[in-house]
There are 2 protein chains.
Amino acid sequence: MLMAELSRRSGVPVATVKYYLREGLLPPGVTTSATRAEYGQAHLRRLQLIRALVEIGEVPVAAIRKILAVADDESASVHQMLGAVQYELGPHPAAPPDEDPDWQAASRQVDDLIAGLGWIVAPAAPARTLLALTLAALRRTAAAPPGPGLRAYAEAMAGLAAGEVASLEATPGRPPAGDRVALAESAVVGMVLYERVIVALRRLAQEDASARYFG
Amino acid sequence: MLMAELSRRSGVPVATVKYYLREGLLPPGVTTSATRAEYGQAHLRRLQLIRALVEIGEVPVAAIRKILAVADDESASVHQMLGAVQYELGPHPAAPPDEDPDWQAASRQVDDLIAGLGWIVAPAAPARTLLALTLAALRRTAAAPPGPGLRAYAEAMAGLAAGEVASLEATPGRPPAGDRVALAESAVVGMVLYERVIVALRRLAQEDASARYFG
């Protein structure tokens, strides 16, 4: 297909496609004349992944480059590729100074939880920091309600995550099995949009629980 | 206590306390001389709620005023007060034009889900819009993975919400039962910080699930 069709089918404006070509995020098409180049399905799928990362994941170009490099590197496993996607999605909180006692206690709590559940999570996973920062904030806040316990949250998320990860391979309309770029696109969409689904459903569930308990 | 102690114990700077007094968010203390006023426990708890709304909930002053009005109105139930807290916490997404077919289908899906679960949720709950907007985005996105199903997410959240709401009354160090302002403070802290706990744990659970499925 020509540039105009690539733009139309991907929903990405021509000027933006040209920007991605200049930035090397998209490989050049096959030149057919001085001013024309042909693009294929691989270009289209790559552009769709970039679009999902930009529009849904709000991921900056430098981070997109890293994700595409892992997707292109066939020696990296699908697990490594999904890790690259997740780690490049924000936020990327900085850990506070090590001497903060709430932070120390919260970090240990995260390590103990992950070990206790037998979860396979890399030491460098940004979500460890995200969780420890939030637990440290809860420790510092006198008014923090105890909630149903950290393990209950973890088990609820584990129950959902197994189905989420398995469903990546069952996305309707997906191109041939083993298309890593298409799998990465589904992963971005699923990670970001179902997070919003969870947040909205939690609020609805809390309203119902409050109506029953306090209403 | 005097202003200086109120500031120290609440962790809110004197200038900010004076701003809340001017704005009427905090009632005046008992004047003991031309330049001194005495403040009590009710001031302290109210200031702690305002601080939680500003710092943790990032709620604007106009919205804080609405929450405090419901907390002060003893004819409003605790359920109504918790609703005010939740509804004033952002985001407040605007519904798209009614003729958008994805939006129509997504809104029906939300109504059907809530009815099917027998949840008690007000028609005006902002989380209905939040959920429908996200479901509409999923409908528009060809690469959206099917996930474990909306009902699985809803049931996981319902399981957690019951414990969350009940635990509001069991917050350690809480002042006397029936203190609505203190309850509202715990609700803000719990709604916002446990949302972050859930997001972080979901990412960790996904990494573990991916390691087992694709690793």
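Chain A and chain B meet in a contact that takes 74 residues from chain B and 74 residues from chain A. This is a predicted model, so read what follows with that in mind.

**The side of chain B that touches chain A**

- Five helices of chain B, H3 (41-56), H5 (78-88), H7 (126-140), H8 (150-167) and H9 (180-214), each supply at least two residues to this side.
- The most comes from H9(B), which gives 27 residues.
- By residue type, this side divides into 47 nonpolar, 18 polar and 9 charged.

**Helix H4 of chain A**

- H4(A) covers residues 61-72, 12 residues in all, and its first and last C-alpha atoms are 16 Å apart, close to the 16 Å expected at 1.5 Å a residue.
- Its buried residues are Ile67(A), Leu68(A), Val70(A) and Ala71(A).
- Looking down the axis of H4(A), these buried residues fall within an arc of 160°, so they line one face of the helix.
- Helices H3 (41-56), H5 (78-88) and H9 (180-214) of chain A are among what covers the buried residues of H4(A).
- On the face turned away from the buried side, H4(A) carries the exposed residues Ala62(A) and Ala69(A).

**Gly24 of chain A**

- You will find Gly24(A) in the loop between helix H2 (14-22) and strand S1 (30-33) of chain A.
- Gly24(A) counts as exposed because it has 10 C-beta neighbours inside 10 Å, and the cut-off for exposed is 12 or fewer.
- Gly24(A) and Arg65(A) are 41 residues apart in sequence, and their C-alpha atoms are 8.5 Å apart in space.

Methods. Residues are numbered from 1 along each chain as its sequence is written. Chains are lettered from A and ligands numbered from 1 in the order in which they are written. This is a predicted model: local features need pLDDT of at least 70, side-chain atom pairs count only at pLDDT 80 or more; totals for chains, interfaces and linings use all residues. Helices (H or I, at least four residues) and strands (E, at least two) are DSSP runs, numbered from the N terminus. The expected span of a helix is 1.5 Å times one less than its number of residues. A residue is buried if 20 or more other C-beta atoms lie within 10 Å of its own, exposed if 12 or fewer, and partly exposed in between; C-beta atoms are placed from the backbone. The arc is that of the directions from the helix axis to the C-beta atoms. Two residues are in contact if their C-beta atoms, placed from the backbone, lie within 7 Å. Ala, Val, Leu, Ile, Met, Phe, Trp, Tyr, Cys and Pro count as nonpolar, Asp, Glu, Lys and Arg as charged, and the others, Gly among them, as polar.
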